[in-house]
Amino acid sequence: MTESLATHPDRLLPADPGTRSVARTLLARVQDLPIISPHGHVDAAVIEQNTPFPDPAALLVTPDHYVTRLIHASGVPLEQLQPGAGAREVWRLFCESLPLFDGTASGYWLRTQFETVFGLPGDLSADTADATFDAMTAKLAEPGFRPRELFKDFNIEVLATTDDPLDNLASHRALAADPSFHGRVLPTFRPDAYLNIAHPSWGTNVERLIETASDGGTGYRGYLTALENRRRYFVEHGAVSADHGVRTPATLKLDAAEAERLFERARSGQATAADRDVFEAHMMYQMARMSVEDGLVMTIHPGSYRNHHQPTFEAFGADTGHDIPFAVDYTEAIRPLLQDFGTAKDFHLVLFTLDETVFSRELAPLAGFYPSVYIGAPWWFLDAPDAMLRFRSAITETAGFSRSSGFIDDTRAFCSIPARHDASRRIEASFLARLVAEHRISEDRAHELIVDVVDSSPRRVFKL
Amino acid sequence: MTESLATHPDRLLPADPGTRSVARTLLARVQDLPIISPHGHVDAAVIEQNTPFPDPAALLVTPDHYVTRLIHASGVPLEQLQPGAGAREVWRLFCESLPLFDGTASGYWLRTQFETVFGLPGDLSADTADATFDAMTAKLAEPGFRPRELFKDFNIEVLATTDDPLDNLASHRALAADPSFHGRVLPTFRPDAYLNIAHPSWGTNVERLIETASDGGTGYRGYLTALENRRRYFVEHGAVSADHGVRTPATLKLDAAEAERLFERARSGQATAADRDVFEAHMMYQMARMSVEDGLVMTIHPGSYRNHHQPTFEAFGADTGHDIPFAVDYTEAIRPLLQDFGTAKDFHLVLFTLDETVFSRELAPLAGFYPSVYIGAPWWFLDAPDAMLRFRSAITETAGFSRSSGFIDDTRAFCSIPARHDASRRIEASFLARLVAEHRISEDRAHELIVDVVDSSPRRVFKL
Amino acid sequence: MTESLATHPDRLLPADPGTRSVARTLLARVQDLPIISPHGHVDAAVIEQNTPFPDPAALLVTPDHYVTRLIHASGVPLEQLQPGAGAREVWRLFCESLPLFDGTASGYWLRTQFETVFGLPGDLSADTADATFDAMTAKLAEPGFRPRELFKDFNIEVLATTDDPLDNLASHRALAADPSFHGRVLPTFRPDAYLNIAHPSWGTNVERLIETASDGGTGYRGYLTALENRRRYFVEHGAVSADHGVRTPATLKLDAAEAERLFERARSGQATAADRDVFEAHMMYQMARMSVEDGLVMTIHPGSYRNHHQPTFEAFGADTGHDIPFAVDYTEAIRPLLQDFGTAKDFHLVLFTLDETVFSRELAPLAGFYPSVYIGAPWWFLDAPDAMLRFRSAITETAGFSRSSGFIDDTRAFCSIPARHDASRRIEASFLARLVAEHRISEDRAHELIVDVVDSSPRRVFKL
């Protein structure tokens, strides 16, 4: 294979020559715009401390469950893909496994990184594993491959991280105070482990939370106060959003006494699974109330069965590739929250889904009426070319281009960020080019719209 | 922007040149066929009395929740989009908001109306709002813009309205008796407010119904007799169908005693939400029975959470843009009805959905076996180019072209009717052209099929 | 109509000329590969005894509920499509009804058979019904049209049948022992009627099973032993898989005592509908355990409401065209089974669905983690060009090309096998060609992948 896919100027663009030529001009309009990443999982300390990445396996394989999961499916035990297995050995396994990724989104991101970040051929193979391991390890030791240099090279303007409510945000503070660093690295308030009473550390989390941040309040009242205080702390450190990974999109307004009873039952360890669901639904309502008050954009990510394979979870922990989506219902579930806050001034609520069926059926209709509701971009499993085209096709005819969040990379793989945003821009260009080719929008208008969806939408929706 | 989208001869046709050229010849075959609209919400009195439309806001904005909803989502309070807000002011807001509609079905219909009905540029803007308001107001005062003239210009052959069971159908009668009017304006029996015991006026509706039309019968028996009588009255006035907006597609055969008990419980104000569902399901069964007897085509529209935002409902009433779809299950729900009537002679049952997933999974398989079942065309949120293509792709491989209802515009926006049917014909041509280009059907056969889906299907399915 | 669709070299290939030209070369790569059919419903005795097919109606119409269902939907009573109605009369009705099949998968298969198997024009019609009946009847009497000759002409290498657990597999044994027969005809263990306690003959089936195969064991223990023994018998006769048509994908591990209580309750005729579901779920768990032990690939086909129209079932029996799909949930349902066997060595579990929504949402994520899980190819209602393209688009970006089963024809219509596999190969070529045209995979790699999906996948997944 001699052609390069990762750097082909027409990669991901539609095959029809007329449509492709429109797509090219649209893409050119946004190709050099800075990257805005309002939700992701990069560690702020990595940027702040600017420590070199150790080796290609630690950079691209062991921490990325998008990657390890498919190698695992091919029969490789996860043990062999752990940091302890030896970086070079992991890298070899990975190179052998690369053909599995053909046609996948991960394959596209990986190949693009090899070529554009490391100057390697896009198709590594078992034969070249050792050589590429050495070449990449050497590169990673160069000053130009330090996180801050890459941050600049990648043209990142805003990068949001995902943080524990009790995090002191020292790295974020240091970066903001550092005159030599020009990007914005923003924290995101992510309180799942403080709201989900079934979380293994919920009890101790809540105890620490109240102790640390309740202004002396106790019990359920102190808990709410502490959450409000920590949100404020995040706002003061630049946070623009609060993110919620919930089982379902259920929301519920309990009266204070009932909420308090549930809270105390949970603290005494006697809550049931039904209690868990009710309390989480109620706390989503509370989080919306707080967002209305403190201005944090509220994002909801429901519908994933976390840690589906218990033996793997026990051996390797969470985020090891077996979170599996299931069907969700937003229309009835989100209604209690929207009754009270759906038209609240400046409230922004971004609804994500892993269940594509709700895009046309529920999210576009909701976002096409409620000023607060935005349709979250295709996320996790759906952040791929065809899925992103299906998304646009599903929502646009009802909600137009003004009601979606803009691209969300949601990644912990720092070096994949440019490839992901590049793919998204190519798909936006492809979709708009089709509408132009079908005489559904004018080419001039498409030029405005691509800037809107790539650049203005995330700024507007995430209040950047 | 100088090119006109709304009048471009290739608008909505596929980009691939070979496929487009087939689509053009298919479209030419049906472009001038008369419009058959077997389900919609135009008021018969508007046609009968032939009163001029007052102004563009009253014509295109205030009554159309497809339009007001997206402007509301952009942050404009609904107050400012009410008739009371001043027609010119509403029109200005609307013109400012037009860019929101790019890529939506409503945007296409609006632009087409501006150009083809009013001879204006398709892209109105805030700058030209006053001028277009005046120009359109002037046009609307011209004799050529009276409803009956437009009816003729639009080449409408059949227009069905949606009517209360106790409506005296005077306008329909007058139009049928008027030798100077050549169209058919047919009533549709729509008994939702008489079948849904949770409807706010169910009690008084039923009282009036029994009083007026039960031939002296009382209670549940009188209620059924009165419904039968009113259906007969509609048939005598040209009705071809009875339409049912239900929460779910559930159907159920209760024995008479149990139905009577439920009915009386509801009349005494003691029915529960579960009673509501059971009674509605039972009445769907009864409606099917009556359709088998009196020949009215039965159409079912389930799966919309009506009036999702209670505060908006309280302030502005129903049909104000926040009916939100949810998932439906037809296979089990419709079974009780189909057990007894699925193969009944001349029974026609048209099943609509807002949940696209049932097209390939349930509706095509049902309509591909039961002679009574027809697949309702994409409706509301789905009556748009991409969604209509997804519909054809989802149903055709199982059910072919003979089992769907033909296009349904379902509109209360009279001037949008030609644009909607035009869009539908272009999409049918596009879909068939792709099958021709992929050598899946012959071009000759495609020419027959496009006439069948555009013209013969609605006549056959709605017994016109 | 003079052009031939069924033999057009570009049939089913994409319209875009550049993409089509890639698709052609990909198709050429696999067009002559042998047919591997790991799941279907041809009767082994037909091959073994090599009896001529009697007439075209018995070959193509009366036994094929794909065909009779759509003719029934058009208003023809099923009585007129039964063998008893007279072969020539059935054939006439069928020829008149052929236009109904335009655009359907069945239409494609039928037309292809007429042309490529019988040398007739693809478009039969009412006018030519008698002539084609005679011509085909004459052909079917020729030696070249005997099942074994066709088997060879069709280039079938492996054909799996579907068999009752107590079948003695005499035909399979005879074929395997016959040196003049070069194909492989493999039995498939299909125990539905022994696991579903609501099956009308479950009681007598289980009695016979225990009597025949339990090694003297009784009750629930004897039942499990007998199932294990019969599976072993199938393995000894070449079976590679056990197939399960279940209501839902539910799985459950009961303790032995509880399972025994349920089993006995069922035998005494006192089981409830809930018992049925629980027992079936438990037996799926047991079947997986046995598959881990004996190596049979486990395939699951859930989500069909069998015999939806009771009056038709009573008059004409099962498999008469009214099995209707409904929504399924795999993620939670399959979890108990996967907890214990999801990573078991050499366990292969192929998950089929009639509900397309689970492809991207559940099956690709599951198969992209669990080494045991494979995504079943689009089956029944979905084994058609557009649906197969939607399938590839839905799964590939998450699971790549290595995690799906390969094409499954699942047919009882022997002469349609080549047309079905041909259609599938054309669609695989079309999908891969688009990825090449969009620079997502290289053309060289696409040539490897098409061989993998057409030939290597079914061999690997079904352990052939």
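I began with helix α19 of chain C, residues 417-437, and noted that its 21 residues reach 30 Å from the first C-alpha to the last, close to the 30 Å expected at 1.5 Å a residue. I keep in mind throughout that this is a predicted model.

I then looked up how covered this helix is, and found that α19(C) is mostly covered, with 19 of its 21 residues buried. After α19(C) comes His439(C), and I wrote down that its phi is positive, near 55°.

Next I turned to helix α14 of chain A, residues 273-294, which has 22 residues and reaches 31 Å from its first C-alpha to its last, close to the 32 Å expected at 1.5 Å a residue. At its N-terminal end I found a cap, Thr272(A), where a side-chain oxygen lies 3.3 Å from the backbone nitrogen of Ala274(A). Just after α14(A), I noted that Gly295(A) takes a positive phi of about 85°.

I also looked up Asp410(A), a residue other than glycine whose phi is positive, near 55°, and I placed it in the loop between α18 (385-399) and α19 (417-437) of chain A. Is Asp410(A) buried or exposed? I recorded Asp410(A) as buried, because its relative accessible area is 12%, and buried means under 20%.

My last entry concerns Asp215(B), where phi is near 55°, again a positive value in a residue other than glycine. I located Asp215(B) in the loop between α11 (202-213) and α12 (219-236) of chain B.

Definitions and conventions: Residues are numbered from 1 along each chain as its sequence is written. Chains are lettered from A and ligands numbered from 1 in the order in which they are written. This is a predicted model: local features need pLDDT of at least 70, side-chain atom pairs count only at pLDDT 80 or more; totals for chains, interfaces and linings use all residues. Side-chain values use heavy atoms; hydrogens and water are left out. Helices (H or I, at least four residues) and strands (E, at least two) are DSSP runs, numbered from the N terminus. The expected span of a helix is 1.5 Å times one less than its number of residues. Buried means under 20% relative accessible area, exposed over 50%, partly exposed in between (1.4 Å probe, protein chains only). A polar contact is a pair of N or O atoms within 3.5 Å; within protein, one must be able to donate a hydrogen and the other to accept it, and residues adjacent in sequence count only if both atoms are side-chain atoms.
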